[in-house]
Amino acid sequence: MNEFKQMTFGDKTITFDSPKIMGILNVTPDSFSDGGKFNQVDKALKQAEYMVDSGATFIDIGGESTRPGAAKVSLEQELERVIPVVEKIAQNLDCVISVDTSKAEVMLQAAKVGARLINDVRALSEDGALSAASKLAHEYQIPCCIMHMQGTPQTMQNKPEYSSVLEEVVAFLKQRVEELMNAGFKREQIILDPGFGFGKNLDHNYTMLKKFSVFKQFDMPLLAGMSRKSMIGNLLNREVNQRIAGDIATHTIAALYGANILRVHDVPEMKDAADIISKLDSL
């Protein structure tokens with residue numbers, strides 16, 4: 001694990017002295033794993049409460065599926081799905097609410113009702129996103145997690161190719177970190193995600209996992225998100241609902257190699273693994 005420090009999320013301070021769990025809450029009808037399960041406010045709140053009680057520090061709320069081939073969602077649709085859920089959870093639970101979005105207006109509206117982390121798979125590349133996130137970082141101390149993706153969710157898994165996946169992901173993240181800092185972010189307001197499954201084939205994904213410690217060179221918090229993804233299912237020949245063992249194995253490896261935040265669907269199981277990793281770190 002990283003010998004990491006503290007990070008401020010609005011009025012909350014999180015110390016990365018052990019792997020922290022980010023529970024996934026998709027308020028979409030079409031996400032690959034849990035689409036349609038939590039797209040009502042009361043159901044979403046109940047699931048968030050379960051995850052927080054099970055050990056999640058972060059709840060990551062997404063209103064647009066980014067699974068391979070997913071259709072785009074309008075701004076109005078995403079706001080309608082996300083904002084009431086963010087507001088309800090902020091009123092009822094003690095956790096850091098992350099909003100999984102690439103749209104500037106969703107970032108701004110979500111922050112108004114309680115979101116304290118922006119998690120953008122497109123690394124603030126959409127119109128107005130960098131400006132909006134920079135404003136939130138400066139005025140509200142809201143960090144951003146930026147991710148590497150080759151292509152778009154519609155095209156990323158068609159035939160991803162790299163001369164060196166590690167070198168290209170590192171180079172992309174370096175460039176985006178510089179651009180965020182030029183826009184007003186502080187280094188301590190940036191989290192990095194190499195983007196498992198986003199424009200990577202099986203070998204690309206496992207190369208990144210095997211060499212995950214290379215991302216520690218940034219001296220920034222690192223997020224790993226492999227939960228229920230095809231890199232597990234295709235290797236083990238497991239359906240989506242049969243991938244918990246693979247999830248625990250891959251995220252444990254990532255945590256041992258430096259991941260600070262583990263983004264997962266199955267919070268209780270991963271929290272057990274994180275506690276074991278934390279014990280090792282304490283000895």
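Colleague: The side chains of aspartate 60 and arginine 263 come to 2.8 Å, N to O; why is this pair called a salt bridge?

Modeller: The term asks for a side-chain nitrogen of Lys or Arg within 4 Å of a carboxyl oxygen of Asp or Glu, and aspartate 60 with arginine 263, at 2.8 Å, therefore qualifies. Please keep in mind that this is a predicted model, in which local features need pLDDT of at least 70 and side-chain atom pairs count only at pLDDT 80 or more, while totals for chains, interfaces and linings use all residues. Residues are numbered from 1 along each chain as its sequence is written, and side-chain values use heavy atoms, with hydrogens and water left out.

Colleague: What makes aspartate 60 and arginine 263 a pair that ties together separate parts of the sequence?

Modeller: Aspartate 60 belongs to strand S4 (residues 56-62) and arginine 263 to strand S10 (residues 261-264), so the bridge joins parts that are 203 residues apart in sequence. Strands here are DSSP runs of E with at least two residues, and helices are runs of H or I with at least four, numbered from the N terminus.

Colleague: Which salt bridge network includes arginine 263?

Modeller: Arg263 is linked with Asp60 and Asp100 in one network of salt bridges. The bridge between aspartate 100 and arginine 263 has its N and O 3.3 Å apart, and because aspartate 100 lies in strand S5 (residues 96-100) while arginine 263 lies in S10, this pair ties together parts 163 residues apart in sequence. The whole structure holds twelve salt bridges.

Colleague: How do you know whether arginine 263 and aspartate 100 are buried or exposed?

Modeller: Buried means under 20% relative accessible area, exposed over 50%, and partly exposed in between, with a 1.4 Å probe and protein chains only. Arginine 263 has 15%, so arginine 263 is buried, and aspartate 100, at 10%, is therefore buried as well. Aspartate 60 is also buried.

Colleague: Which class does glutamate 179 fall into, and what is the class of its partner arginine 176?

Modeller: Glutamate 179 has 27% relative accessibility, so glutamate 179 counts as partly exposed, whereas arginine 176, with 11%, is buried. Their closest N and O atoms are 2.1 Å apart in the salt bridge, and both residues lie in helix H5 (residues 165-182), three residues apart, about one turn of the helix.

Colleague: Why are helices H1 and H2 called oblique to each other?

Modeller: Angles under 35 degrees count as roughly parallel, over 145 as roughly antiparallel, 65 to 115 as roughly perpendicular, and the rest as oblique. H1 (residues 41-53) and H2 (residues 75-92) pack at about 45°, with axes 9 Å apart, and they are therefore oblique. Their contact, meaning heavy atoms within 4.5 Å, involves Val41, Asp42, Ala44, Leu45 and Ala48 of H1 and Pro84, Val85, Lys88, Ile89 and Asn92 of H2.

Colleague: How do helices H8 and H9 lie relative to each other, and what makes you say so?

Modeller: H8 (residues 244-256) and H9 (residues 267-282) pack at an angle of about 30°, with their axes 10 Å apart, and that makes H8 roughly parallel to H9. Their contact includes Ile244, Asp247 and His251 of H8, along with Glu269 and Met270 of H9.

Colleague: Finally, how do you know whether threonine 57 is buried or exposed?

Modeller: Threonine 57, in strand S4, has a relative accessible area of 19%, so threonine 57 is buried. Leaving aside neighbours within four places in sequence, threonine 57 is in contact with Ile14, Lys20, Ile21, Cys95 and Val96.

Methods. Axes are lines fitted to C-alpha atoms, for helices over the stretch in contact, and angles run from 0 to 180 degrees between N-to-C directions.
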